[in-house]
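Q: I would like to go through this structure with you, one contact at a time. Shall we begin?

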Amino acid sequence: MKWSKHRRPVGVLIVAVLLILSSLGYLSHRRQSMYPGDIRGSVTVGGLRRTFIVHLPADYSGNKTLPLIIALHGGGGSGFDMERLTKGGLNRLADEHGFIVVYPDAVGKHWNDGRNLSRYESQRKNVDDVGFIVALIGYLTKNYHADPRNVFVVGMSNGGLMTYRLACEVPERLRAVAVVGVSMSTNLYENCTSNVPLPILIILGTEDSLVPWGGGELHFGPLKLGKAISINETVSYWVKRNGCALNSGKVYLPDKDPKDGTRVWMERHSHCRGGAEVVFYGIDGGGHTWPGGYQYLPERIIGRTSRDINADQVIWNFFAEHMRGK
(Lines give C-alpha, C1' and ligand atoms only; values in the text may rest on other atoms or scores of the structure.)
Protein backbone atom coordinates (compact mmCIF):
# COMPACT_ATOMS: atom_id res chain seq x y z
CA MET A 1 0.00 0.00 0.00
CA LYS A 2 1.33 3.46 -0.93
CA TRP A 3 1.68 6.17 1.70
CA SER A 4 1.32 9.92 1.42
CA LYS A 5 3.96 12.30 2.70
CA HIS A 6 1.94 12.55 5.92
CA ARG A 7 2.27 8.77 6.25
CA ARG A 8 -1.45 8.08 5.83
CA PRO A 9 -2.39 5.23 3.49
CA VAL A 10 -3.67 6.60 0.18
CA GLY A 11 -6.50 4.05 0.30
CA VAL A 12 -7.59 5.34 3.70
CA LEU A 13 -7.67 8.92 2.43
CA ILE A 14 -9.81 7.90 -0.55
CA VAL A 15 -12.27 6.10 1.73
CA ALA A 16 -12.41 9.14 4.02
CA VAL A 17 -13.28 11.41 1.09
CA LEU A 18 -16.01 9.02 -0.04
CA LEU A 19 -17.48 8.95 3.46
CA ILE A 20 -17.57 12.74 3.64
CA LEU A 21 -19.33 12.89 0.27
CA SER A 22 -21.99 10.59 1.61
CA SER A 23 -22.54 12.50 4.86
CA LEU A 24 -26.13 12.44 6.11
CA GLY A 25 -27.13 10.59 2.97
CA TYR A 26 -25.61 8.31 0.40
CA LEU A 27 -23.27 8.38 -2.55
CA SER A 28 -24.67 9.55 -5.86
CA HIS A 29 -24.57 6.89 -8.57
CA ARG A 30 -24.50 8.39 -12.05
CA ARG A 31 -26.78 6.56 -14.39
CA GLN A 32 -28.46 7.58 -17.60
CA SER A 33 -31.25 5.01 -17.68
CA MET A 34 -34.33 5.43 -15.52
CA TYR A 35 -37.21 3.34 -14.30
CA PRO A 36 -40.12 2.68 -16.70
CA GLY A 37 -42.58 5.57 -16.54
CA ASP A 38 -39.93 8.15 -15.59
CA ILE A 39 -39.69 11.57 -17.22
CA ARG A 40 -36.96 14.12 -16.56
CA GLY A 41 -38.08 17.73 -16.12
CA SER A 42 -36.98 21.13 -14.87
CA VAL A 43 -38.32 24.43 -13.58
CA THR A 44 -36.53 27.72 -12.98
CA VAL A 45 -36.77 29.13 -9.46
CA GLY A 46 -34.80 32.11 -8.19
CA GLY A 47 -32.76 32.14 -11.39
CA LEU A 48 -31.71 28.50 -10.92
CA ARG A 49 -32.68 25.64 -13.19
CA ARG A 50 -34.01 22.96 -10.86
CA THR A 51 -34.27 19.37 -12.08
CA PHE A 52 -36.38 16.38 -11.10
CA ILE A 53 -37.63 12.97 -12.20
CA VAL A 54 -41.38 12.38 -12.47
CA HIS A 55 -42.73 8.85 -12.31
CA LEU A 56 -46.19 8.51 -13.84
CA PRO A 57 -48.30 5.42 -13.08
CA ALA A 58 -48.48 2.79 -15.79
CA ASP A 59 -52.10 3.60 -16.67
CA TYR A 60 -51.62 7.40 -16.63
CA SER A 61 -53.95 9.13 -19.11
CA GLY A 62 -53.97 12.74 -17.95
CA ASN A 63 -57.75 12.66 -17.76
CA LYS A 64 -58.05 12.90 -13.97
CA THR A 65 -56.21 14.39 -11.03
CA LEU A 66 -53.90 12.09 -9.10
CA PRO A 67 -52.30 12.27 -5.64
CA LEU A 68 -48.70 13.45 -5.60
CA ILE A 69 -45.79 12.18 -3.49
CA ILE A 70 -42.63 14.29 -3.39
CA ALA A 71 -39.66 12.11 -2.37
CA LEU A 72 -36.59 14.01 -1.11
CA HIS A 73 -33.18 12.36 -1.24
CA GLY A 74 -30.52 12.41 1.46
CA GLY A 75 -27.40 14.54 1.48
CA GLY A 76 -24.86 13.72 -1.22
CA GLY A 77 -27.55 12.11 -3.36
CA SER A 78 -29.94 12.90 -6.19
CA GLY A 79 -33.49 12.15 -7.24
CA PHE A 80 -32.33 8.97 -8.95
CA ASP A 81 -30.56 7.89 -5.76
CA MET A 82 -33.85 8.21 -3.90
CA GLU A 83 -35.43 5.84 -6.43
CA ARG A 84 -32.49 3.51 -5.91
CA LEU A 85 -32.71 3.70 -2.12
CA THR A 86 -36.35 2.58 -2.25
CA LYS A 87 -35.55 -0.07 -4.87
CA GLY A 88 -38.23 1.53 -7.02
CA GLY A 89 -40.82 0.65 -4.39
CA LEU A 90 -42.70 3.95 -4.51
CA ASN A 91 -42.87 3.63 -8.30
CA ARG A 92 -44.40 0.16 -8.07
CA LEU A 93 -46.96 1.40 -5.57
CA ALA A 94 -47.73 4.36 -7.86
CA ASP A 95 -48.40 1.93 -10.71
CA GLU A 96 -50.63 -0.18 -8.48
CA HIS A 97 -52.59 2.58 -6.76
CA GLY A 98 -52.53 5.41 -9.28
CA PHE A 99 -50.47 8.31 -7.94
CA ILE A 100 -47.56 10.43 -9.18
CA VAL A 101 -44.11 10.38 -7.59
CA VAL A 102 -41.53 13.10 -8.16
CA TYR A 103 -37.86 12.91 -7.16
CA PRO A 104 -36.34 16.42 -7.06
CA ASP A 105 -32.60 17.17 -7.11
CA ALA A 106 -31.05 19.48 -4.51
CA VAL A 107 -28.46 22.12 -5.43
CA GLY A 108 -25.02 20.69 -4.70
CA LYS A 109 -26.74 17.45 -3.62
CA HIS A 110 -27.83 18.94 -0.28
CA TRP A 111 -31.13 20.57 0.70
CA ASN A 112 -31.30 23.94 2.43
CA ASP A 113 -33.01 22.41 5.45
CA GLY A 114 -32.42 25.25 7.92
CA ARG A 115 -29.24 24.06 9.64
CA ASN A 116 -27.28 26.97 8.07
CA LEU A 117 -24.12 24.95 7.43
CA SER A 118 -21.52 26.81 5.40
CA ARG A 119 -20.02 23.60 3.97
CA TYR A 120 -23.08 23.01 1.75
CA GLU A 121 -23.70 25.29 -1.25
CA SER A 122 -27.47 25.28 -0.86
CA GLN A 123 -27.25 26.41 2.78
CA ARG A 124 -24.31 28.75 2.30
CA LYS A 125 -26.14 30.55 -0.53
CA ASN A 126 -29.56 30.22 1.14
CA VAL A 127 -31.09 28.51 -1.89
CA ASP A 128 -34.88 28.79 -1.87
CA ASP A 129 -35.73 25.10 -1.65
CA VAL A 130 -39.12 25.82 -0.10
CA GLY A 131 -39.92 27.97 -3.13
CA PHE A 132 -38.67 25.19 -5.40
CA ILE A 133 -41.00 22.60 -3.88
CA VAL A 134 -43.96 25.00 -4.05
CA ALA A 135 -43.14 25.74 -7.70
CA LEU A 136 -42.80 22.03 -8.39
CA ILE A 137 -46.26 21.39 -6.96
CA GLY A 138 -47.63 24.09 -9.25
CA TYR A 139 -45.81 22.68 -12.28
CA LEU A 140 -47.06 19.14 -11.70
CA THR A 141 -50.58 20.36 -11.01
CA LYS A 142 -50.64 22.26 -14.30
CA ASN A 143 -48.82 19.79 -16.53
CA TYR A 144 -49.62 16.37 -15.09
CA HIS A 145 -52.91 16.96 -13.23
CA ALA A 146 -51.47 16.36 -9.77
CA ASP A 147 -54.15 16.91 -7.15
CA PRO A 148 -53.25 20.02 -5.09
CA ARG A 149 -55.51 18.74 -2.27
CA ASN A 150 -53.43 15.57 -1.92
CA VAL A 151 -49.76 16.49 -1.90
CA PHE A 152 -47.50 14.39 0.31
CA VAL A 153 -43.79 14.72 1.10
CA VAL A 154 -41.39 12.06 2.31
CA GLY A 155 -37.70 12.60 2.96
CA MET A 156 -34.67 10.61 4.05
CA SER A 157 -31.99 12.15 6.30
CA ASN A 158 -31.17 15.61 4.83
CA GLY A 159 -34.37 15.17 2.82
CA GLY A 160 -36.16 14.42 6.08
CA LEU A 161 -34.86 17.65 7.61
CA MET A 162 -36.14 19.44 4.51
CA THR A 163 -39.51 17.73 5.00
CA TYR A 164 -39.70 19.10 8.54
CA ARG A 165 -38.91 22.56 7.16
CA LEU A 166 -41.71 22.32 4.59
CA ALA A 167 -44.08 21.19 7.34
CA CYS A 168 -43.11 24.28 9.32
CA GLU A 169 -43.24 26.83 6.50
CA VAL A 170 -45.88 25.64 4.00
CA PRO A 171 -48.09 23.11 5.85
CA GLU A 172 -51.17 24.44 4.08
CA ARG A 173 -49.78 23.06 0.79
CA LEU A 174 -49.37 19.54 2.20
CA ARG A 175 -51.78 16.80 3.19
CA ALA A 176 -49.32 14.67 5.24
CA VAL A 177 -45.58 14.08 5.56
CA ALA A 178 -43.20 11.26 6.45
CA VAL A 179 -39.60 11.41 7.65
CA VAL A 180 -37.04 8.60 7.71
CA GLY A 181 -33.68 8.63 9.46
CA VAL A 182 -33.64 11.92 11.35
CA SER A 183 -35.19 13.91 14.19
CA MET A 184 -35.80 17.69 14.00
CA SER A 185 -32.78 19.97 13.85
CA THR A 186 -32.39 22.30 16.80
CA ASN A 187 -32.53 25.37 14.51
CA LEU A 188 -35.84 24.32 13.01
CA TYR A 189 -37.34 23.24 16.33
CA GLU A 190 -36.60 26.65 17.82
CA ASN A 191 -38.01 28.53 14.81
CA CYS A 192 -41.01 26.44 13.77
CA THR A 193 -43.90 28.71 14.70
CA SER A 194 -46.69 27.04 12.73
CA ASN A 195 -49.63 25.60 14.64
CA VAL A 196 -51.31 24.08 11.57
CA PRO A 197 -52.03 20.40 12.31
CA LEU A 198 -50.39 18.04 9.83
CA PRO A 199 -50.36 14.24 9.89
CA ILE A 200 -46.79 12.96 10.25
CA LEU A 201 -45.08 9.58 10.27
CA ILE A 202 -41.50 9.28 11.55
CA ILE A 203 -39.10 6.31 11.32
CA LEU A 204 -35.76 6.19 13.15
CA GLY A 205 -33.28 3.48 14.14
CA THR A 206 -31.93 3.24 17.67
CA GLU A 207 -28.42 2.54 16.32
CA ASP A 208 -28.32 5.35 13.77
CA SER A 209 -24.63 6.29 13.63
CA LEU A 210 -25.30 9.76 12.23
CA VAL A 211 -28.37 10.87 14.19
CA PRO A 212 -28.17 10.52 17.99
CA TRP A 213 -31.35 9.02 19.42
CA GLY A 214 -31.16 11.25 22.49
CA GLY A 215 -30.33 14.41 20.55
CA GLY A 216 -27.06 16.27 20.09
CA GLU A 217 -24.56 16.71 17.29
CA LEU A 218 -25.41 15.21 13.90
CA HIS A 219 -22.16 13.79 12.63
CA PHE A 220 -20.49 11.56 10.08
CA GLY A 221 -17.34 10.32 11.80
CA PRO A 222 -15.51 13.48 12.91
CA LEU A 223 -17.58 15.69 10.59
CA LYS A 224 -20.05 17.80 12.61
CA LEU A 225 -23.31 18.59 10.84
CA GLY A 226 -25.39 20.71 13.22
CA LYS A 227 -27.50 19.74 16.19
CA ALA A 228 -30.80 17.93 16.54
CA ILE A 229 -33.27 17.42 19.34
CA SER A 230 -34.03 13.91 20.57
CA ILE A 231 -36.54 11.72 18.81
CA ASN A 232 -38.76 11.81 21.92
CA GLU A 233 -38.77 15.63 21.81
CA THR A 234 -39.51 15.51 18.08
CA VAL A 235 -42.52 13.24 18.52
CA SER A 236 -43.71 15.30 21.50
CA TYR A 237 -43.53 18.49 19.44
CA TRP A 238 -45.83 17.03 16.79
CA VAL A 239 -48.20 15.51 19.34
CA LYS A 240 -48.58 18.91 20.99
CA ARG A 241 -48.86 20.81 17.71
CA ASN A 242 -51.51 18.43 16.39
CA GLY A 243 -53.37 18.30 19.70
CA CYS A 244 -53.40 14.50 19.97
CA ALA A 245 -55.28 13.05 22.93
CA LEU A 246 -54.64 9.29 22.79
CA ASN A 247 -51.42 7.25 22.71
CA SER A 248 -51.43 3.58 21.71
CA GLY A 249 -48.23 2.92 23.64
CA LYS A 250 -45.31 0.88 22.37
CA VAL A 251 -46.52 -2.03 20.24
CA TYR A 252 -43.93 -4.43 18.78
CA LEU A 253 -44.57 -5.73 15.27
CA PRO A 254 -43.86 -9.29 14.07
CA ASP A 255 -40.17 -10.10 13.61
CA LYS A 256 -40.48 -11.06 9.95
CA ASP A 257 -36.74 -11.42 9.43
CA PRO A 258 -35.02 -12.67 12.60
CA LYS A 259 -31.64 -12.55 10.81
CA ASP A 260 -31.65 -8.80 10.16
CA GLY A 261 -30.77 -7.89 13.76
CA THR A 262 -33.70 -5.51 14.22
CA ARG A 263 -37.11 -5.34 15.88
CA VAL A 264 -39.73 -2.74 15.04
CA TRP A 265 -42.26 -1.09 17.30
CA MET A 266 -44.95 1.45 16.55
CA GLU A 267 -46.54 4.23 18.60
CA ARG A 268 -49.72 5.90 17.33
CA HIS A 269 -50.98 9.22 18.68
CA SER A 270 -54.58 9.72 17.63
CA HIS A 271 -57.71 11.81 18.30
CA CYS A 272 -55.81 14.84 17.01
CA ARG A 273 -57.01 18.17 15.60
CA GLY A 274 -58.22 17.71 12.05
CA GLY A 275 -57.41 13.99 12.22
CA ALA A 276 -53.69 14.84 12.05
CA GLU A 277 -52.35 11.78 13.85
CA VAL A 278 -48.68 11.25 14.70
CA VAL A 279 -47.20 7.79 14.06
CA PHE A 280 -43.70 6.74 15.09
CA TYR A 281 -41.82 3.59 14.09
CA GLY A 282 -38.76 2.80 16.20
CA ILE A 283 -36.28 0.37 14.65
CA ASP A 284 -34.51 -1.38 17.52
CA GLY A 285 -31.02 -2.09 16.17
CA GLY A 286 -31.68 -0.15 12.96
CA GLY A 287 -29.14 2.20 11.41
CA HIS A 288 -29.19 5.23 9.11
CA THR A 289 -31.15 3.27 6.55
CA TRP A 290 -34.45 2.90 4.70
CA PRO A 291 -36.35 -0.15 6.07
CA GLY A 292 -36.76 -2.68 3.30
CA GLY A 293 -34.56 -0.59 1.02
CA TYR A 294 -31.11 -0.63 -0.52
CA GLN A 295 -28.11 -1.02 1.81
CA TYR A 296 -26.23 1.86 0.17
CA LEU A 297 -23.12 1.59 2.39
CA PRO A 298 -21.76 -1.25 4.54
CA GLU A 299 -23.30 -1.97 7.95
CA ARG A 300 -20.10 -0.96 9.72
CA ILE A 301 -20.64 2.59 8.41
CA ILE A 302 -24.41 3.18 8.42
CA GLY A 303 -25.78 0.27 10.43
CA ARG A 304 -28.44 -2.34 9.70
CA THR A 305 -31.36 -2.13 7.30
CA SER A 306 -34.49 -3.62 8.84
CA ARG A 307 -36.37 -6.16 6.73
CA ASP A 308 -39.27 -6.45 9.18
CA ILE A 309 -41.17 -3.61 7.51
CA ASN A 310 -41.11 -2.03 4.08
CA ALA A 311 -40.94 1.75 4.45
CA ASP A 312 -42.46 2.34 1.00
CA GLN A 313 -45.59 0.40 1.89
CA VAL A 314 -45.83 1.79 5.43
CA ILE A 315 -45.56 5.36 4.16
CA TRP A 316 -48.04 4.88 1.33
CA ASN A 317 -50.55 3.28 3.72
CA PHE A 318 -50.21 6.29 6.02
CA PHE A 319 -50.67 8.76 3.18
CA ALA A 320 -53.65 6.82 1.80
CA GLU A 321 -55.34 6.94 5.22
CA HIS A 322 -55.14 10.74 5.17
CA MET A 323 -56.15 11.31 1.57
CA ARG A 324 -58.82 13.92 0.94
CA GLY A 325 -61.84 12.68 -1.00
CA LYS A 326 -60.90 9.02 -0.71
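Q: Which residue does arginine 149 meet in a salt bridge?
A: The side chain of arginine 149 forms a salt bridge with that of aspartate 147, at 3.1 Å from N to O. A salt bridge here is a side-chain nitrogen of Lys or Arg within 4 Å of a carboxyl oxygen of Asp or Glu. The model is a predicted one, in which local features need pLDDT of at least 70 and side-chain atom pairs count only at pLDDT 80 or more, while totals for chains, interfaces and linings use all residues. Residues are numbered from 1 along each chain as its sequence is written, and side-chain values use heavy atoms, with hydrogens and water left out.

Q: Why can such side chains pair?
A: Side chains of opposite charge can pair when their charged atoms come close.

Q: Is aspartate 147 buried or exposed?
A: Aspartate 147 counts as buried because its relative accessibility is 6%. Buried means under 20% relative accessible area, exposed means over 50%, and partly exposed lies in between (1.4 Å probe, protein chains only). Arginine 149, at 45%, therefore counts as partly exposed.

Q: How many salt bridges are there by this rule?
A: The count comes to 7 salt bridges. One of them joins the side chains of aspartate 113 and arginine 115 at 2.8 Å, N to O. Both aspartate 113 and arginine 115 are buried.

Q: What about glutamate 169, and which residue does its side chain meet?
A: The side chain of glutamate 169 meets that of arginine 165 in a salt bridge of 2.8 Å, N to O. Both residues lie in helix 6 (residues 158–169), 4 residues apart, which is about one turn of the helix. Helices (H or I, at least four residues) and strands (E, at least two) are DSSP runs, numbered from the N terminus. Glutamate 169 is partly exposed, at 40% relative accessible area, whereas arginine 165 is buried, at 15%.

Q: Which residues are linked in a network of salt bridges?
A: Arg268, Glu277 and Glu321 are linked in such a network.

Q: Changing topic, where is arginine 49 found?
A: Arginine 49 is in strand 2, residues 48–55. Arginine 49 counts as exposed because its relative accessibility is 61%.

Q: And what does arginine 49 touch?
A: Leaving aside residues up to four places away in sequence, arginine 49 touches Ser42, Val43 and Thr44, where contact means heavy atoms within 4.5 Å.

Q: How far apart are arginine 49 and phenylalanine 132?
A: Their C-alpha atoms are 9.8 Å apart in space, and the two are 83 residues apart in sequence.
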